[in-house]
Amino acid sequence: MEKPELPVLLVNEVGGTLGVLEAHVPYLKKHFHLITMKEFLESKDCLSIKIEAIYVWWHRPIIDRELLKSLPNLKVIANSGAGVDHLDLKLIAEFGVRTANAPSAVSSSTADTGMALMLAAARRLIEGCQVTTSPDTEYFPCNMLGDEVTGATLGIIGMGSIGYKIAQRARAFEMKILYHNRNRRREDEELAVSACYCGKIEDLLQQSDFVMLAVNLTPQTYNLIGEKELKLMKPTATLINISRGPVVDQEALVEALQAGVIKGAALDVTYPEPLPRDHPLLKLKNVILTPHLGSRTHKTTRMITEEAVENILAALCGFPMPSEVFPD
Amino acid sequence: MAKQDRPYTLINVIGGPIGVYEDHVEFLETHLKLITMEEFLENKQVLSQKIEAMYMWFKKPEATRELLQSLPNLKVIANSGVGVDHLDLKLISSFGVKVANTPFAVANPTADLGIALLMASARRIVEGYQIALSPETKYFEADWLGEEINGATLGIIGMGHIGYKVAQRAKAFDMKILYHNRKRRTVDEEQAVGAIYCQNKEDLLQQSDFVMLTVILTPQTRNLIGKKELELMKPTATLINVCRGQVVDQDALLNALQNGVIKAAALDVTYPEPLPRDHPLLKLKNIIITPHIGSATVKARRLMMISMVESILDGVNGLPVPNEVHG
């Protein structure tokens, strides 16, 4: 141990393909003594009472009863990113441990991703790239047309910080914005982005050219978009999902896409991730899939780690945490 | 309009990958008497006297000296799109023929595509799609990251209709906007999008994370971005081109991308189009190229068509031609 007074932070692993980013390690080491799961398991007797915090990076380490039991002095778990559907918040609270997410860091870059996917789908960008590079291309057809984003109707389901940032961006494209949310936003917030509240999700679905999902995954939003909702959408509409795979009934989506019930989909999230390599979604021409890159930028991942550290340090001092999350 | 009053208008072909769109024909035939090149060539003697207009849809038919000479009553050529660099305006004018383009119809979709390319490049959308589909993919790597758009600096070269609309969109992403243009915009226009004027394009190049080209191709803008300009750009910067391939020195661009002089490029336009199938630009990992789809939306093409019809009708009736292009 270098400095005995630094609190001990458990992470799954450092570097490699899934671990905490090497670039973040110097920053983490300024505030904590870093222990990986491997080191913990090798010296469990010694380390179990020392660990006061866990930084969950891309869902790892998995927080189960066994782990919680083995860490009697654990005070706080900080999660990378906004979604905490993979954490059993009730269980964690049972052990007197506090949990934090990182909602602010991700909102701009996730909103950017939503817009990028909408534009890529509408303008057939990926197909276009394939035409440009294909060995068979002799000339560019002039009839490979996409849908105009400017002036189209965007329906945002979930108007939290991410949904609202999407509305701000879409407004600059003169899009007509409808939204559906648990709670209605304030009038001045609606006016600022010219967003029209749809109390009924059905109204939003029927009028939208693009439907953007930006909700949290909860029992209420599980399979929010199923066969019924897809059939309510226009046959010319595109579904964009930047929230969580299970918000959409994936089988119903496959059927809807195969049958032309909706025009296309752009999914940054699926269930599971990645999809099995023989999954029908990988074969459909009218689907864009991306590898959960919603908040994957150098700047945002850095901000996520900083947000996590802030929360952990606050918890260890017994202060209110900037973004504590509670079981429902 | 009575069917016999409709102006005889020469077109290339209807339908297929390069022809006038089938679903535009109804509107066109309401206002114009369409004559295809095939019909013209079969009945040249009669039709050459009757044709008063040319509906140039994606550069066809070509306005060659021979064709112009064979159409003594030609009054107006309506060109699809805003670019007229493929036309010999002097030659056409020497025959007393007016030319009209469609600048307004293309502005929104081209600005949208400029932003789409910027975002696709920054966030590695095309690469990401390939990873999501690859048979080799077992998990998504944590260390695979893109560049942040919000808060980044966008330098727009060419602040006409399209450039300004790009600025309006980029502002909503909290981008810092610099621009370079022949003429400075008004203070109000600059403030509305938070754009800062760079008199020297060198200043813009040195400060930008993303450089977007939205100029008209003229002798002054040919090879506007060459070796020197690319070297002034940040090594972490991306070049986006939605105007004309010839605005960029393509060999210099290839070199710059291969050697990390700049980070990446996203091009809707190249020279020629398409590039030869063995062209090195097609093999680079740090480039995305789309097939000149800047105005390729159902709505925009319809607006273009309507605008062209208006220009033709006014042109043949001796009225001022909307969207006339002067040599």
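Which cysteine sulfur is closest to the sulfur of Cys198(B), and how many Å away is it?

**View 1. Cysteines in the predicted model.** The sulfur of Cys198(B) has its closest cysteine sulfur in Cys243(B), 18 Å away and too far for a bond; a disulfide is a pair of cysteine sulfur atoms within 2.5 Å, and the structure holds zero of them over all chains. Cys198(B) is buried at 5% relative accessibility, where buried means under 20% relative accessible area with a 1.4 Å probe and protein chains only. The sulfur of Cys129(A) is likewise 18 Å from its closest cysteine sulfur, in Cys243(B), and Cys129(A) is buried at 9%.

This is a predicted model in which local features need pLDDT of at least 70 and side-chain atom pairs count only at pLDDT 80 or more, while totals for chains, interfaces and linings use all residues. Residues are numbered from 1 along each chain as its sequence is written, chains are lettered from A and ligands numbered from 1 in the order in which they are written, and side-chain values use heavy atoms, with hydrogens and water left out.

**View 2. Strand 11 of chain A and its partners.** Strands (E, at least two residues) and helices (H or I, at least four) are DSSP runs numbered from the N terminus, and two strands pair if DSSP finds at least two bridges between them. Strand 11 (residues 264–267) of chain A is joined in parallel to strand 10 (residues 238–241) of chain A by four bridges, with Ile240(A) the bridge partner of Ala266(A). Strand 11 of chain A also pairs in the parallel sense with strand 12 (residues 287–289) of chain A, over three bridges.

How values were computed. Buried means under 20% relative accessible area, exposed over 50%, partly exposed in between (1.4 Å probe, protein chains only).
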